[in-house]
Amino acid sequence: MDLILRGTIVTPLAAIEGGWIAVRDGKIAAIGDSTTTPPEAAETVDYGERLIMPGVIDGQTHATSAKGLEGIGDTTRSAIAGGVTTLVDMPFDNPLPLDRPERLAAKIEAIAAHSHADIALYGTVTAETGTDHIDALIEGGVVAFKISSFESSPTRFPRIDAALMLDIMEKLAPTSLPLGLHNEDQEIVLARMARARAAGENGIAAHSTARPVAAELAATAQFLALAQATGAHAHPVHLSSGDGFSQVGAFADLGVRATGETCVHYLWFDAARDGMRLGPRMKVNPPIRPGEVDNLWDAIVDGLVAFTSSDHSSWPIDGKLTASIFDAGAGVPGLETLLPAFFTAAEARGLDAAMLAAEQLSERPAAFFGISDRKGAIRVGMDADFAILEQGAFIWDEAKAHDGLNWSPFHGDTFTVKVAATYLRGACGFDGNTITGRQGSGRYVARGADCWFGN
């Protein structure tokens, strides 16, 4: 064997104390417990009582928002430092979105040149291309498609109207690929933002009221109704309220291929409690809301949440420093805090944090994106992707982040775990302090044959 790792192994069935994993050629070759003797290996690393988790699959990242395709470098350094071995990156690249095959090819080349982690890709559809390139992008291996009902940019992040949305769903319905939606009703949001500005309401509290839950539910309802009519798989990508998951669940009960996703910041922050302290540093779209944290955790426990992601944004802090909340940039860094924050919050609720984190952050996103034949669990034959967790009390310091941004709404918060090492296909990419993996060691991960709803 090339490598033996010892520690508490978090497998899909149970955590194995005093266990070991044998790695050969970047794959998991054998797993054992304290009653068995591992084979000989070129290297053995004993992590004692530390947890050996499956590498995290972050199902929603924005690596290229600020620096373009070269931003993959800094973003994946942060990923590896956070125990994230596979990113599923959004298609709203700077300056042009991934809506055609030549842009997919360029992004795959950038992954090979810059990435420290493996990357799967969303594709998108724009009014310019319509549905013309969907087949070619699927052939190229994209794992899903993503559109928005709210226009953040007319070119890079455009609004897709209901007519084109219907066309897209009709095209995707015979496939296993989900269609993700940034789920906010544009007319409601623009009207409420104008009303708030006119009233001189410029603080973080106005952000949530100007983008109300009603706007989220309205956009989600239309989206799910179109899925009901076409048979496509509809997936709102950041539900910020318990009502959002109840809505998705109601459509699923009707037989609609409907799923929903939340993000770790919605599970950690409360607008009423944290808004005054954090201000624009916690501005995301849809907003972090008051009184929803427990509702969202209930949705996870009830099995309504497909998976949890970071929605990592690569924008620098400068874009947040504006006089009005409405002019501040939206989005937060999150790759290095996804696993520690989720684990800590789950543990505080008396949940089995290790098993739940493995399920929500690794197993379920792997199945969702059609890559569970290689990724997402510690099983023989899978890629040897691991996050090693040390338990204790650790204060997050934004200055020590590896993302090139060095700001975070989690700054000063205490986590009960930290990432002590990360392995990508059997190679140590992060030793707890330093990025040890080579830039360009990450690979493009194409969708396989897995289907969330069965074949």
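A residue is counted as buried when its relative accessible area is under 20%. In this predicted model, Ser-65 has a relative accessibility of 3% and therefore counts as buried. Ser-65 belongs to the loop that connects strand 5 (56–62) with helix 1 (71–81), and, when residues up to four places away in sequence are left aside, it touches Asn-94, Arg-156, Ser-314 and Trp-315.

Burial is also found along strand 7, which spans residues 118–123 and is mostly covered, with six of its six residues buried. In general, the strands of a sheet pair through backbone hydrogen bonds, in either a parallel or an antiparallel manner. Strand 7 runs parallel to strand 6 (residues 84–89), to which it is joined by four bridges, and within this pairing Asp-89 has Leu-121 of strand 7 as its bridge partner. Strand 7 is also paired in the parallel sense with strand 8 (residues 144–148), here over two bridges, and the partner of Tyr-122 in strand 8 is Ala-144.

An open sheet is formed by seven strands, arranged in the order 3-2-1-4-14-15-16 and with mixed pairing. Strand 3 (27–32) and strand 16 (427–430) stand at the edges of this sheet, and because each has a single partner strand, one side of each is left without a neighbour in the sheet. On average, and with direction ignored, neighbouring strands of the sheet are turned by 35° against each other. Within the sheet, strand 1 (residues 3–10) pairs with strand 2 (residues 15–24) in the antiparallel sense, over seven bridges, and Ile-4 finds its bridge partner in Ala-22 of strand 2.

Two helices pack on this sheet. Helix 12 touches strand 4 (43–54), strand 14 (386–395) and strand 15 (414–424), and its direction makes about 135° with that of strand 15. Helix 13, in turn, touches strand 1, strand 2 and strand 4, and its direction makes about 85° with that of strand 4.

Helix 12 (residues 338–348) and helix 13 (residues 353–368) are also in contact with each other, their axes coming within 9 Å and crossing at roughly 135°. That angle makes helix 12 oblique to helix 13, and the crossing of the two is right-handed. On the side of helix 12, the contact involves Leu-338, Leu-339, Phe-342, Phe-343, Ala-346 and Glu-347, which meet Ala-353, Ala-354, Leu-356, Ala-357, Gln-360 and Leu-361 of helix 13. Sorted by class, the residues of this contact comprise 10 nonpolar, one polar and one charged.

A further helix pair consists of helix 7 (residues 213–230) and helix 8 (residues 242–253), whose axes come within 11 Å and cross at roughly 15°. Since angles under 35 degrees count as roughly parallel, helix 7 and helix 8 are therefore described as roughly parallel to each other, and their crossing is right-handed. From helix 7, the residues Leu-217, Thr-220, Ala-221, Leu-224, Ala-225 and Gln-228 meet Asp-243, Gly-244, Gln-247, Val-248 and Phe-251 of helix 8. The residues of this contact divide into six nonpolar, four polar and one charged.

Terms used
Residues numbered from 1 in each chain as written. Predicted model: local features only at pLDDT ≥ 70, side-chain atom pairs only at ≥ 80, totals over all residues. Heavy atoms only, no water. Buried < 20%, exposed > 50% of the residue type's maximum accessible area, 1.4 Å probe, protein only. Pairing = 2+ DSSP bridges. Axes fitted to C-alpha atoms, helices over the stretch in contact; angles between N-to-C directions. Parallel < 35°, antiparallel > 145°, perpendicular 65-115°, else oblique. Left-handed = near helix turned anticlockwise from the far one by under 90°. Contact = heavy atoms within 4.5 Å. Nonpolar A, V, L, I, M, F, W, Y, C, P; charged D, E, K, R; others polar.
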